[in-house]
Amino acid sequence: MGFLNTIRRQQIFQRLQESSETPALGQSVANVRRSKIAVRGTDELFFAHRSSIRCTKVSQSESYKLLDTPEIDFDVSGVLINSSGTLLAVYNESHIVVVSLPSSTFMSTEESLIKVKSFRVGVSSFKVSKIVEITWNPCARFDSGLVVLSSDGFIRSFDLSTSMTVPDAEYDLKSPSHNRVGLVQNSISDPVSMTFGSSESLSGALTLYILNDNGDVFSIYPFIPNVIVASKDQVEDLLNETVLLTNSAVDGSDLIRKRQVIEQLKFVNYIWRQTPTSQKELRGTTELCVLTPQSYDYTIQGPFAIQPFPEPLYDNTAVNIVSVKTGPVSVLAVSYSRDGFAILLPDPQNIMSFRDTAFDDPYGANTDEVDDRLVLTLLDFKSSSKKASGSFTVVEGVDLILQRSNEIFEIDLSKWCALFNDVYITRDASLSLASYPASTVVRQLKSLSTTEHFVGVVRLTNEFGERFRCLVTDQSYDVFEETVREQSDVDSASSERLETPAPSKLAAPFFEIEKLVDGVKAPKISAPPKAASKLSNDETTLRGLNDVSSQVLKHLISFHRLGLALNYRLVNQKAELERQVDTSLSLMQRQDNVNSKFIDDSSKIKTAMSRQEAITKRFQKLAENLQTVSAVPLSTAEKSWFKEIGKLSVNFNKFAKQNYTLREQLRFIKSELDTKSSSTSNSVEGLEEWDAINKIMSEGREILMKTSQGLDDSLSELGTRLQESKI
């Protein structure tokens with residue numbers, strides 16, 4: 001709960017409504033692929049607000065800092081961070097600025113403005129054309145290869161380690177007769193999006209998929225920078241794949257395919273031979289080999305055939321394409337302007353295509369037949385009843401974020417992992433829809449208001465591995481906890497969140513290894529037909545030996561694949577063991593903390609219980625004493641005392657009554673005197689009456705004095721007796 005509240009209190013997203021971000025003329029609101037937020041590591045955020053870049057480390061502070069980037073003098077449309085977290089590309093339709101990010105230690109500095117280096121990229125390249133999309137090349141050295149698709153139909157590849165202004169390669173997608181790139185069948189009239197394949201395999205990292213406006217998908221394979229950076233295992237895997245393709249092509253009758261795989265074998269063998277003596281580059285904790293490929297002219301492959309082809313795509317317009325890794329393979333997700341999206345599985349046996357230097361056209365250009373090997377298998381197609389343009393962005397893992405009009409959806413592809421394992425092992429893509437129907441899960445995350453625009457979505461992870469998704473618009477931001485909790489009888493709003501255990505590293509099914517084991521249990525190598533007992537140097541014997549060697553090589557490669565799978569499984573077992581040990585240690589530490597708190601609380605409880613027991617005993621003793629008390633008769637002295645008190649009370653009441661009567665008489669006399677004095681003040685009779693009145697008043701005064709004296713004596717006697725009684 002603490003990390004969740006920390007995210008919600010972040011100041012980095014405040015005052016978003018001041019930006020008043022409205023789409024430019026002709027620009028679609030559904031531009032979710034242009035995210036203004038980037039995350040490095042688990043919780044380092046970078047956010048573009050107007051022409052400034054904010055940054056913060058969520059776990060350390062709720063405030064944010066600014067990057068000092070004077071080169072950014074435009075309103076930013078999107079940001080994109082490279083895989084190593086060293087470079088941040090900041091761009092809009094006309095400008096690109098690359099910022100060299102500081103290390104994580106600088107995020108905790110007390111200064112509010114962080115000094116960084118920033119550079120403009122391709123200043124002269126985008127004066128006329130507009131920038132459609134950018135991406136980082138996963139095979140570039142120092143993770144500094146930036147690939148830009150522009151509205152003029154060009155793809156420009158920049159090697160930022162050598163030049164910020166001049167691209168090291170340009171690809172004219174609209175011109176089939178270009179001296180570097182040509183098309184076998186069709187041309188790309190209006191490219192709208194591009195994406196690389198999976199960066200975990202070298203074949204995927206060397207494949208650039210291009211989406212045309214009419215929905216056709218093309219590829220450039222290999223799409224390579226001047227220098228390739230890859231691990232030794234990736235190069236060896238690509239070599240094994242190429243050898244298998246070569247064996248299958250040599251046995252076939254397709255001459256074009258043979259020439260292509262032979263060229264691919266030469267290309268891969270050339271870089272593979274450099275791995276023992278090549279320079280090394282560290283990217284994180286991974287050691288990569290710096291390899292220099294041979295110079296080739298490349299071709300564009302496509303368009304790919306989508307099988308089966310959904311009817312709604314005949315009159316639809318494509319918006320963008322992204323590559324998502326699910327299990328051992330990657331799939332392509334394509335969004336369309338009017339009808340939903342499609343999930344496509346690329347052919348795992350795709351072959352590199354090179355331009356033959358001896359001819360003007362690439363291999364296969366002299367044929368009128370469509371290449372039946374360029375196939376994308378349709379895994380799923382989600383059609384929407386609401387006709388609105390939509391576009392994707394990828395969140396780490398197997399989740400996609402789709403925006404259609406004013407609605408934001410989450411596309412969960414995790415249920416496809418089991419299918420992709422089957423396809424990867426059996427190479428049979430027909431398992432898809434028949435075996436795993438409706439495996440794509442679509443959930444709505446947010447509905448935007450008419451004046452609200454999408455800004456970005458990122459995933460943050462706390463120190464316990466719990467993941468949270470932050471979806472930001474220009475008016476608000478929402479935080480979603482990705483761990484799904486079971487419903488309980490306790491109100492979730494008032495109860496603490498239960499921690500969900502982290503997924504096991506061995507969650508992948510084991511049948512992959514079982515199938516590989518079945519393939520090598522009983523290797524059978526058949527002898528060539530009409531094999532003689534003695535070997536001779538004729539053509540038949542040589543063909544037989546070639547056939548036997550091919551069978552042996554195929555089994556050796558199967559053993560090698562099994563070894564790689566077992567090694568991968570062992571690595572996962574080690575990681576799982578370490579995770580379980582760390583989890584056990586964490587649980588033990590928490591148990592110790594709980595036990596210490598329990599000991600402290602138990603001592604307090606014992607003290608409170610002992611006090612309660614003492615109080616209970618006192619009450620019990622008092623109750624017993626009260627029950628044993630009985631009525632005691634009064635003594636003679638006490639009786640006489642109460643009798644005297646009764647007499648005094650009677651006398652006191654008598655004297656009080658007399659005093660009241662005298663006071664009333666005096667009031668009456670005074671009133672009479674006042675009345676008489678006004679009429680008889682000068683008569684003798686009045687004087688006699690005054691003498692009588694004075695006599696009565698003197699008598700009354702004497703009575704009052706005696707009464708007062710008697711009361712004083714009675715009160716003093718009463719006080720004396722009270723003191724004697726106390727003694």
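A residue counts as buried under 20% relative accessible area, as exposed over 50%, and as partly exposed in between (1.4 Å probe, protein chains only). By this rule aspartate 478, at 24% relative accessibility, is partly exposed. The model is predicted, so local features need pLDDT of at least 70 and side-chain atom pairs count only at pLDDT 80 or more, while totals for chains, interfaces and linings use all residues. Residues are numbered from 1 along each chain as its sequence is written, and side-chain values use heavy atoms, with hydrogens and water left out.

The protein has ten helices and 31 strands. Both are DSSP runs, numbered from the N terminus: helices are H or I with at least four residues, strands are E with at least two. Of the 727 residues in the protein, 41% are buried. The accessible surface comes to about 41000 Å². Carbon and sulfur atoms hold 54% of that surface. Accessible areas come from the Shrake-Rupley method with a 1.4 Å probe; for residues, only the protein chains shown count as cover. Contacts (heavy atoms within 4.5 Å) were also counted. Among contacts with a separation of 6 or more, 62% join residues 24 or more positions apart.

Helix α4 covers residues 255-272 and has 18 residues. From its first C-alpha to its last, α4 reaches 25 Å, close to the 26 Å expected at 1.5 Å a residue. The expected span is 1.5 Å times one less than the number of residues in the helix. The buried residues of α4 are Arg257, Gln260, Val261, Glu263, Gln264, Phe267, Val268 and Ile271. They cover an arc of only 160° around the axis, so they lie on the same side of α4. The arc is that of the directions from the helix axis to the C-beta atoms. An α-helix has 3.6 residues a turn, so residues three or four places apart point the same way. The buried residues of α4 pack against α2 (202-205), β17 (228-230), α3 (232-251) and β19 (286-291).

Helix α3 has 20 residues, which should span 28 Å at 1.5 Å a residue. The end C-alpha atoms of α3 are 29 Å apart, which agrees. Buried residues of α3 include Val235, Leu238, Leu239, Val243 and Leu245.

A salt bridge is a side-chain nitrogen of Lys or Arg within 4 Å of a carboxyl oxygen of Asp or Glu. By this rule the count comes to 15 salt bridges. Glutamate 263 is buried, at 16% relative accessible area, whereas lysine 266 is partly exposed, at 47%.

Lysine 325 and glutamate 200 also meet in a salt bridge (3.5 Å, N to O). Lysine 325 lies in strand β21 (residues 318-326) and glutamate 200 in the loop between β14 (191-196) and α2, so the pair ties together parts that are 125 residues apart in sequence. Lysine 325 is partly exposed, at 27% relative accessibility. Glutamate 200 is exposed, at 52%.

In a further salt bridge, lysine 446 pairs with aspartate 478, and the closest N and O atoms are 2.8 Å apart. Lysine 446 lies in strand β28 (residues 441-447) and aspartate 478 in strand β31 (residues 477-481), so parts 32 residues apart in sequence are tied together. Lysine 446 is buried, at 16% relative accessibility. Salt bridges also link Arg141, Glu281 and Arg283 in a network.

Serine 157 lies in strand β12 (residues 154-159). Serine 157 is buried, with a relative accessible area of 5%. Leaving aside neighbours within four places in sequence, serine 157 is in contact with Leu146, Val147, Pro167, Asp168, Ala169 and Phe223.

Proline 70 sits in the loop between β4 (65-68) and β5 (78-81). At 61% relative accessibility, proline 70 is exposed. Leucine 556, in helix α8 (residues 539-628), is exposed as well, at 52%. Together with Ile525, Val552 and Leu553, Leu556 makes a nonpolar surface patch of about 310 Å². Patches are made of residues with over 30% relative accessible area and no salt bridge: like charges are joined within 9 Å, nonpolar side chains (Val, Leu, Ile, Met, Phe, Trp, Tyr) within 5 Å.
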